[in-house]
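These are my notes from going through one model, entry by entry.

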Amino acid sequence: MRHVSQLLLLAASGSLLLLTGCGTGRVATGGAYHVTAYRPHDPSKVKVKLSTSTQNLFVMEGDRLLMAVQANVGTPKDPTPRGHFTIYSKQKERRRQSQPDRGYPMAYWCEFKPAYGFHEGFVWPVPRTHGCVRLHREAAARLFALTRIGTPVEIASSLPEDQKYGHMVRRLDQSRDPDPPRSQLMSASWFKDPPGPLLVDQ
């Protein structure tokens with residue numbers, strides 16, 4: 001199910017939003033991979049930081065690391081935007097609204113710029129998306145739980161956290177993982193959270 005995303009026409013809150021596709025690729029199904037994310041003491045101090053050169057994603061609460069995971073970013077032709085943003089739209093059960101693959105799940109959507117967001121999807125060891133940021137289901141669900149509308153997002157080529165916490169990021173290569181059956185992708189059960197608590201106390 002290798003497809004190239006095209007223009008998405010998404011109806012949201014009664015208004016139409018024109019969103020360019022992000023190349024969702026294939027969606028991750030889970031497996032033995034597990035992510036630990038710590039519950040913030042003050043959710044207003046949470047910040048998402050993404051390094052495009054390493055594909056490392058860090059969720060910080062001030063100087064406290066809440067989660068460190070590998071993401072999948074845009075290619076040089078369709079790069080993930082860099083800069084300072086805020087998450088302004090969240091939709092756990094988001095699906096594609098256009099062809100190809102209308103209805104394809106883009107679970108745990110956290111939009112930080114029009115047409116660009118964090119969401120569940122297969123994570124490759126090299127940049128692969130059309131600008132969105134894909135995360136393994138384990139990570140996407142926890143990022144969704146850690147963030148809220150207004151959470152700051154910083155995206156740069158490299159970050160100080162790469163040196164400090166990069167060794168904690170488990171590397172993923174889901175490029176050869178099989179596609180789930182179409183019936184499973186289209187089922188409402190697809191959006192069920194991974195087992196266990198999403199956030200733990202530290």
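**Entry 1: a loop residue.** I began with Asp63, which I found in the loop between strand 4 and strand 5; the model is a predicted one. I looked up the accessibility of Asp63 and noted 71%, so Asp63 counts as exposed, the cut-off being over 50%. I then took the distance from Asp63 to Lys45, residues that stand 18 apart along the chain, and found 9.8 Å between their C-alpha atoms.

Entry 2: For Leu50 I looked up the bridge partner in strand 4 and found Leu57.

Entry 3: Strand 7 and strand 8 run antiparallel and are joined by three bridges; looking for the partner of Gln91 in strand 8, I found Trp109.

**Entry 4: the nonpolar cores.** Which residues of the largest nonpolar core touch the most other members? I noted Leu57, Met67, Phe118 and Leu135, out of 40 residues in this core. At least two core residues come from each of strand 3, strand 4, strand 5, strand 8 (109–113), strand 9 (116–120), strand 10 (133–135), helix 1 and strand 11 (152–156). Helix 1 gives the largest share, with six residues. I found a second, separate core as well, with eight residues, among them Phe58, Ala68, Ala156 and Leu159. Returning to Phe118, I went through its contacts beyond four places in sequence, and these include Val48, Leu57, Trp109, Leu135, Leu143 and Val153.

**Entry 5: a buried glutamine.** I then turned to Gln70, which lies in strand 5. Is Gln70 buried or exposed? At 2% relative accessibility Gln70 counts as buried, the limit being under 20%. I looked for polar partners and found that the side chain of Gln70 makes a polar contact with the side chain of Arg171, at 3.5 Å, while the backbone nitrogen of Leu172 lies 2.5 Å from a polar atom of the Gln70 side chain. Leaving out residues up to four places away in sequence, I listed what Gln70 touches, including Tyr33, Gln55, Trp124, Leu135, Val169 and Arg170.

**Entry 6: salt bridges.** I counted eight salt bridges. In one of them Glu154 meets Lys47, with 3.3 Å between the closest N and O atoms; Glu154 is in strand 11 and Lys47 in strand 3, so this pair ties together parts that are 107 residues apart in sequence. Glu154 is buried, at 15% relative accessible area, whereas Lys47, at 26%, counts as partly exposed.

The side chains of Glu161 and Lys49 form another salt bridge, at 2.9 Å from N to O. Glu161 belongs to helix 2 (residues 160–165) and Lys49 to strand 3, so the pair ties together parts 112 residues apart in sequence. Both Glu161 and Lys49 are buried. I recorded that Lys47, Lys49, Glu154 and Glu161 are linked in a network of salt bridges.

Last, I looked at Arg137 and Glu120, whose side chains meet in a salt bridge of 3.3 Å, N to O. Arg137 is in helix 1 and Glu120 in strand 9, 17 residues apart. I noted Arg137 as buried, with a relative accessible area of 9%, and Glu120 as buried at 0%.

Conventions:
Residues are numbered from 1 along each chain as its sequence is written. This is a predicted model: local features need pLDDT of at least 70, side-chain atom pairs count only at pLDDT 80 or more; totals for chains, interfaces and linings use all residues. Side-chain values use heavy atoms; hydrogens and water are left out. Two strands pair if DSSP finds at least two bridges between them. Helices (H or I, at least four residues) and strands (E, at least two) are DSSP runs, numbered from the N terminus. Buried means under 20% relative accessible area, exposed over 50%, partly exposed in between (1.4 Å probe, protein chains only). A nonpolar core is a set of buried Ala, Val, Leu, Ile, Met, Phe, Trp, Tyr and Cys residues joined through side-chain atoms within 4.5 Å. Contact means heavy atoms within 4.5 Å. A polar contact is a pair of N or O atoms within 3.5 Å; within protein, one must be able to donate a hydrogen and the other to accept it, and residues adjacent in sequence count only if both atoms are side-chain atoms. A salt bridge is a side-chain nitrogen of Lys or Arg within 4 Å of a carboxyl oxygen of Asp or Glu.
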